[in-house]
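Hi there,

Here is the structure I promised to pass on.

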Amino acid sequence: MFREIKNRFFRYIVILIYSIIIFFCAIELNFLWLFGYSPTMDDIKTPTMSVASEVYYADGKLIGRFYKENRSPVEFKKISPDLVNALIATEDVRFYKHGGVDFYGFLTSMLSTAKGDRRGGSTITQQLAKNLFATRKKKSQGLVKHIPVIRTVVFKIKEWITSFEIEHVYNKQQILEFYFNTVPFGNNSFGIKSASLKYFNKTPDSVSQSQAALLVGMLKATSTYNPIRNPEKSTDRRNTVLGQMQKYGYITKAQYDDDIKQPLNLDLSYTEDNSQGDSYLRRAVEKWLSKWCKQNGYDLYSDGLKIYTTIDSRLQQYAEEAVAEKMKMLQKRFYNLWGNKTPWRDLSGNIIPDFALKAEEKLPVYKILDRKFHGDTIPIKQYFEKKKKMRIFSWNGDRDTMFSSVDSIKYYAKILNTGMMTIEPSSGKIKVWVGGIDHRYFKYDHVNQAKRQAGSTFKPFAYVTALDNGYTPCDKFTDKPVSISFMDNGKPDVWAPQNANFQFSYMDMSLRWAMGKSVNSITAQLTEKVGWDKVVQYAHKCGIESPLKSVPSVSLGSNDVSVYEMTRAYSTFLNKGDRIDPILVSKIIDQDGDVVAEFTSKKTPVLSPETAWLMLYMFRGGMEEPGGTSQALWEYNDLWKSGNNQIGGKTGTSSKYVDGWYMGITKDLVTGIWVGCDDRSVHFTSSETGEGSHTALPIFGAFMSKVYDDPHSGYTRGPFPKPWVKITKSYDCPSPRIDTDTGELVTDTLNMPPDSALKMPSDEENPENKNPDNKPQEQQKP
């Protein structure tokens with residue numbers, strides 16, 4: 001056909017045109033899957049900005065969604081002309097003269113780039129094609145994606161084709177409306193309405209010229225020109241946009257000179273009450289999946305995934321109910337304790353005078369004000385002391401009030417918070433995740449973000465170290481004063497711990513009794529015997545990942561750890577000595593209904609099954625041994641209806657009653673709970689009000705009562721598992737019972753000689769204690 005064209009030059013031109021047409025058609029049709037998906041006319045006529053991903057409980061109930069369409073699309077008539085003018089002057093000055101692709105602009109940009117002045121040649125319509133139809137995303141990439149130069153050419157041609165189709169379907173105003181509603185502005189703000197409210201607390205039709213220039217200027221690089229993080233660069237970019245507006249006649253020279261002198265005048269007070277099921281759990285899932293999404297090329301906010309978590313909706317509900325019931329009571333107790341007194345105190349009990357000021361300085365807005373007023377503290381102080389309408393959290397429902405920022409800081413500093421997590425060790429599945437009392441007001445997750453001193457809940461790592469290195473639950477130590485010399489950062493030091501009641505009984509106590517009663521002096525002696533370095537080693541083996549300072553006090557919980565870590569580590573004992581990597585998500589399904597990922601827990605043996613089972617027996621001591629710190633659970637009658645239920649656990653309280661902990665273990669589940677104020681200088685003042693047995697333990701008791709009372713929960717009362725292997729160490733050594741009326745030691749044998757009252761029977765004296773059949777004993781009140 002081409003040979004009929006006699007003029008060779010003209011023939012080559014025709015061949016070139018035909019080749020280009022065929023090449024364009026091949027791209028549009030995705031010939032041999034080389035070029036990837038291209039949007040159809042139906043896609044363009046009914047565009048979908050993005051598809052929300054949905055998060056579900058294990059039983060299929062919806063938890064929430066991940067989306068980008070919280071942008072609240074706005075009509076063109078409600079967009080300020082200054083925004084339109086700024087966009088056209090900066091991004092596409094020939095917008096009204098081309099049909100989607102500006103070939104003149106494209107050629108001039110290539111020439112400028114060749115001369116070293118790199119400049120974009122994409123039109124507004126091309127940018128819309130890229131943003132709205134994801135022409136460069138994984139789905140739109142074919143086999144040529146592995147060929148760098150060809151890949152770029154194909155991407156650009158796709159944008160051209162899509163741009164021509166957009167211009168064919170929509171007029172210029174509609175294209176601008178689409179554009180303003182799809183572009184990102186940083187800080188999780190998508191679309192012009194979300195951005196104008198976020199940065200200026202104004203709707204798009206009410207922003208000023210300089211504000212419009214700032215918003216449009218951000219589009220070049222939302223992080224680099226973010227006015228919150230980089231106000232200087234943002235100001236420079238705004239002025240560049242204003243310069244373009246003056247250059248093309250949208251503003252006068254006088255307006256330009258006036259606008260570039262304007263401060264940024266950010267107003268960050270706007271808060272959007274539209275979370276689409278936002279919660280601690282939803283945020284935890286997002287964090288858990290971030291690495292997976294990055295590795296597999298998925299966008300959690302737009303790819304329409306269905307994510308099934310391991311969380312049990314019933315258990316989650318019962319946990320949230322228990323937290324609400326008990327935390328409301330604890331908050332009332334806290335208010336009654338402090339009354340009108342100031343609760344933020346230093347270690348000596350003195351009021352911290354600059355408490356509010358230090359809190360102000362940590363806020364992002366403080367840095368903005370500091371720059372704005374050049375370090376002048378008087379206007380900054382006036383800003384924080386100015387009262388305004390504010391909705392605040394309370395246990396009696398949200399309350400509208402007039403508060404200054406200082407009032408708000410002081411109010412929320414007195415609010416107790418909590419973190420709670422439950423794991424099913426046999427599967428590694430996380431069943432409950434409660435990151436705090438109310439995600440709307442307290443975004444900080446107290447399960448895996450917050451780290452606090454664990455107090456006595458860390459003691460089991462000293463005892464498991466001992467049991468795994470030759471000791472038995474029946475080995476005895478004396479409750480007496482102890483002082484341990486050690487080197488702290490190269491300097492000699494001495495540690496002499498007190499017991500919780502500041503008294504020593506001078507009694508010989510078994511390790512089980514000492515752990516159950518949480519005796520500091522014996523834990524310290526044991527730590528000295530096995531070595532604090534080794535205690536740190538075993539804590540890490542069981543699942544603690546936070547750095548631990550190796551000092552004698554490590555066993556008494558002097559290091560900061562998270563609820564997540566502690567619950568994971570305790571799960572090792574119920575899981576036959578295997579450490580687990582907990583899973584929060586079980587499977588992910590894509591838009592087409594295909595399972596794209598399934599997750600199972602990885603298990604790593606770190607303890608012998610015998611040591612793990614003996615630790616479960618030790619944990620029961622908190623319920624069974626005299627003075628056991630878990631015995632408040634006997635008050636929860638619903639826990640004991642079956643008569644054969646067994647529960648183990650460990651309370652914990654940090655210095656000055658700052659942190660209250662409880663770690664609870666049943667035959668199926670391990671639960672970790674922390675309670676305290678977010679600022680460590682605010683706390684309870686006595687053991688009766690602030691110990692873990694009085695703050696965190698009641699939440700566990702209420703939670704497990706609700707679980708057991710639901711016949712459909714899947715979890716029943718019952719004894720701990722029988723030994724998984726033959727137990728070679730002696731462990732059944734009953735402690736002498738303390739008469740609660742006289743405080744004297746008594747035994748069940750009335751005619752026992754008086755001089756034996758302080759002597760604990762050994763295995764040789766009582767052959768039954770060897771328990772040759774390895775049968776778990778029924779849990780009874782001591």
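Threonine 629 touches Gly516, Lys517, Ser518, Gly622, Lys650, Thr651, Ser693 and Leu697, leaving aside residues up to four places away in sequence. Please keep in mind that this is a predicted model. Threonine 629 sits in the loop between α23 (609-624) and β18 (648-653). With one of its neighbours, threonine 651, the contact is polar: the two side chains are joined at 3.0 Å.

Next, a pair of helices. Helix α18 (residues 460-467) and helix α20 (residues 520-530) have axes that come within 10 Å and cross at roughly 45°. That angle makes α18 oblique to α20, and the crossing is left-handed. On the α18 side, the residues involved are Ala462, Tyr463, Thr465 and Ala466, which meet Ile522, Thr523, Leu526, Thr527 and Val530 of α20.

The last item is helix α16, which spans residues 377-385 and has Pro379, Ile380 and Phe384 buried. Viewed down the axis of α16, the buried residues fall within an arc of 140°, so they line one face of the helix. Their cover includes α14 (355-361), α15 (364-372) and α17 (405-413). On the face turned away from that buried side, α16 carries the exposed residues Ile378 and Gln382. The N-terminal end of α16 is capped by aspartate 376, which places a side-chain oxygen 3.1 Å from the backbone nitrogen of isoleucine 378.

Best wishes

Terms used. Residues are numbered from 1 along each chain as its sequence is written. This is a predicted model: local features need pLDDT of at least 70, side-chain atom pairs count only at pLDDT 80 or more; totals for chains, interfaces and linings use all residues. Side-chain values use heavy atoms; hydrogens and water are left out. Buried means under 20% relative accessible area, exposed over 50%, partly exposed in between (1.4 Å probe, protein chains only). Helices (H or I, at least four residues) and strands (E, at least two) are DSSP runs, numbered from the N terminus. The arc is that of the directions from the helix axis to the C-beta atoms. Contact means heavy atoms within 4.5 Å. A polar contact is a pair of N or O atoms within 3.5 Å; within protein, one must be able to donate a hydrogen and the other to accept it, and residues adjacent in sequence count only if both atoms are side-chain atoms. Axes are lines fitted to C-alpha atoms, for helices over the stretch in contact, and angles run from 0 to 180 degrees between N-to-C directions. Angles under 35 degrees count as roughly parallel, over 145 as roughly antiparallel, 65 to 115 as roughly perpendicular and the rest as oblique. A crossing is left-handed if the near helix is turned anticlockwise from the far one by less than a right angle, and right-handed if clockwise.
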